[in-house]
Amino acid sequence: MSLYRSPYEAYPFLCDAGEDLRCDFELLTDEMTSRTGLLRSLVKDEALKAELLWVCELIYHMNPTLRTRLTVTEEECAHLLELAAGWKERCGERCKLFVLIQGCEAACVAHLLRVQGKQLVRLIYRWVEKGHEVPDRLLDLANLLSGYFFYLALHLNEVEGVDEVPYVSRNYPAR
């Protein structure tokens, strides 16, 4: 069967074979940068806007990693860890809850980014299971992004005066 290639193709790797996850990784990081930009448009704090622009650029630097190489530095990874730890500290007791996803619009967007960070981790593991090597730092970055956006979501709700709604699972015992 011959595969039609549109002369208007939006991205040259969209026709990659289904088992080749590189384009999926690139599309997911592209979506995360787009959603980070959306989140940035929803916040008023200028320092946070600048931080989110930095995070957006960091995710874009991760984008071609599976196809080329990881160019995000140890220092940038350490900086993301510092940012995540700072938001976690500011959230205090809120971080100890398993919460329902709700609240202000910005927090909900941050929660969507949190989930996409986990999807990124899962996709990387699938790539590794196919026999490819990835730098440990790439997995660290993807996991850190998920945590960063979780703590940021809690902060954004707090700033807007939105209480978190605890979630108690029927399936997993409380810790």
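**View 1. Leu-27, a partly exposed residue of helix H1.** Leu-27 is partly exposed, with a relative accessible area of 40%, where buried stands for under 20% relative accessible area, exposed for over 50% and partly exposed for what lies in between, computed with a 1.4 Å probe on protein chains only. Leu-27 has its place in helix H1, helices being DSSP runs (H or I) of at least four residues and strands DSSP runs (E) of at least two, numbered from the N terminus. Between the C-alpha atoms of Leu-27 and Tyr-11, which are 16 residues apart along the chain, the separation is 9.6 Å. The model is a predicted one, in which local features need pLDDT of at least 70 and side-chain atom pairs count only at pLDDT 80 or more, while totals for chains, interfaces and linings use all residues. Residues are numbered from 1 along each chain as its sequence is written, and side-chain values use heavy atoms, with hydrogens and water left out.

**View 2. The packing of helices H1 and H4.** Two packed helices are described by the angle between their axes and the distance between the axes. For helix H1 (residues 22-42) and helix H4 (residues 105-129), the angle is about 165° and the axes are 10 Å apart; axes are lines fitted to C-alpha atoms, for helices over the stretch in contact, with angles running from 0 to 180 degrees between N-to-C directions. H1 and H4 are therefore roughly antiparallel to each other, given that angles over 145 degrees count as roughly antiparallel, under 35 as roughly parallel, 65 to 115 as roughly perpendicular and the rest as oblique. H1 and H4 cross in a left-handed manner, a term used if the near helix is turned anticlockwise from the far one by less than a right angle, right-handed being the term if clockwise. The contact of H1 with H4 has 15 nonpolar, five polar and five charged residues, where Ala, Val, Leu, Ile, Met, Phe, Trp, Tyr, Cys and Pro count as nonpolar, Asp, Glu, Lys and Arg as charged, and the others, Gly among them, as polar.

**View 3. Helix H3 and its two faces.** The 18 residues of helix H3 (residues 74-91) should span 26 Å at 1.5 Å a residue, which agrees with end C-alpha atoms that are 26 Å apart; the expected span is 1.5 Å times one less than the number of residues. Buried in H3 are Cys-77, Leu-80, Leu-83, Ala-84, Trp-87 and Cys-91. These residues cover an arc of only 120° around the axis, which puts them on the same side of H3, the arc being that of the directions from the helix axis to the C-beta atoms. Turned away from this buried side is a face of H3 that carries the exposed residues Glu-75, Glu-82 and Glu-89.

**View 4. Helix H2 against helix H3.** The axes of helix H2 (residues 46-62) and H3 cross at roughly 140° and come within 12 Å. That makes H2 oblique to H3, and the crossing in which H2 passes H3 is left-handed.

**View 5. Helix H5 and the segment that follows.** Of the 24 residues of H5, 17 are buried, and the helix is mostly covered. Just after H5, Gly-161 takes a positive phi of about 75°. Val-168, in the segment after H5, is exposed, with a relative accessible area of 68%. Val-168 and Leu-100 lie 68 residues apart in sequence, and their C-alpha atoms are 9.2 Å apart in space.
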